[in-house]
Amino acid sequence: MGTARSWRAARVAGTAAVAALLAGVIAAPPALAAEYGTVATDGRMLNIRTGPSTAYAIVGQLRNGTTVRIYCQIAREEIVGLYGPTRLWDKIHRDREWYVADALVHTGTMKQVAPTCLAGAGAAGPSRVGRLEAERAERAGVRGDARRVG
């Protein structure tokens, strides 16, 4: 009889464990929308920059419609894209500091879709020339938007 009781207790415990597991799966928070996006400009090329702002140097460009992997995101300079404004910038290279304005990358949401970049990302800031150009543009009333294409 002791064996039957042990078996019954093990079965009840196993059923409870499965129920708890299923409850955890059902109650789990939804995953982020994507870690990939598609360049969405008005047809122009999207600038790849060495940091999360238009004050950083341009190191390359991406064609409209290009799919990009988003490794992490960081909030910095606001850019206005086809779907509205956002301060998010997407790091698109694992080892290099290559960023594009998220406002010009369609991910299916205007919210963050990848982990936040480490605080060191872009922390060194743009070069002195880049800072001066950004200050001059700000004084002239120029804001980062789709005209600059990130």
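At 35% relative accessibility, Glu 35 counts as partly exposed, a class that lies between buried (under 20% relative accessible area) and exposed (over 50%), judged with a 1.4 Å probe and protein chains only. The model is predicted, so local features need pLDDT of at least 70 and side-chain atom pairs count only at pLDDT 80 or more, while totals for chains, interfaces and linings use all residues. Residues are numbered from 1 along each chain as its sequence is written, and side-chain values use heavy atoms, with hydrogens and water left out.

Glu 35 forms a salt bridge with Arg 69, and their closest N and O atoms are 3.4 Å apart; the term denotes a side-chain nitrogen of Lys or Arg within 4 Å of a carboxyl oxygen of Asp or Glu. Because Glu 35 lies in the loop between helix 1 (2–27) and strand 1 (36–39) and Arg 69 in strand 4 (residues 67–69), the pair ties together parts that are 34 residues apart in sequence. Arg 69 is also partly exposed, at 28%.

The whole structure contains three salt bridges. Asp 42 pairs with Arg 44, with the closest N and O atoms 2.8 Å apart; Asp 42 is partly exposed at 48%, and Arg 44 is partly exposed at 36%. Lys 91 pairs with Glu 97 at 3.6 Å between the closest N and O atoms. Here Lys 91 is buried, with a relative accessible area of 10%, whereas Glu 97 is partly exposed at 34%.

The overall fold can now be considered. The protein has two helices and eight strands, where helices (H or I, at least four residues) and strands (E, at least two) are DSSP runs numbered from the N terminus. Along the sequence, their pattern is α-β-β-β-β-β-β-β-β-α. Of the 150 residues, 33% are buried.

One disulfide is present, that is, a pair of cysteine sulfur atoms within 2.5 Å. This disulfide joins Cys 72 to Cys 117, with an S to S distance of 2.1 Å. Cys 72 lies in strand 5 and Cys 117 in the loop between strand 8 (105–106) and helix 2 (128–139), so the link ties together parts that are 45 residues apart in sequence. Cys 72 is buried at 11% relative accessibility, and Cys 117 is buried at 6%.
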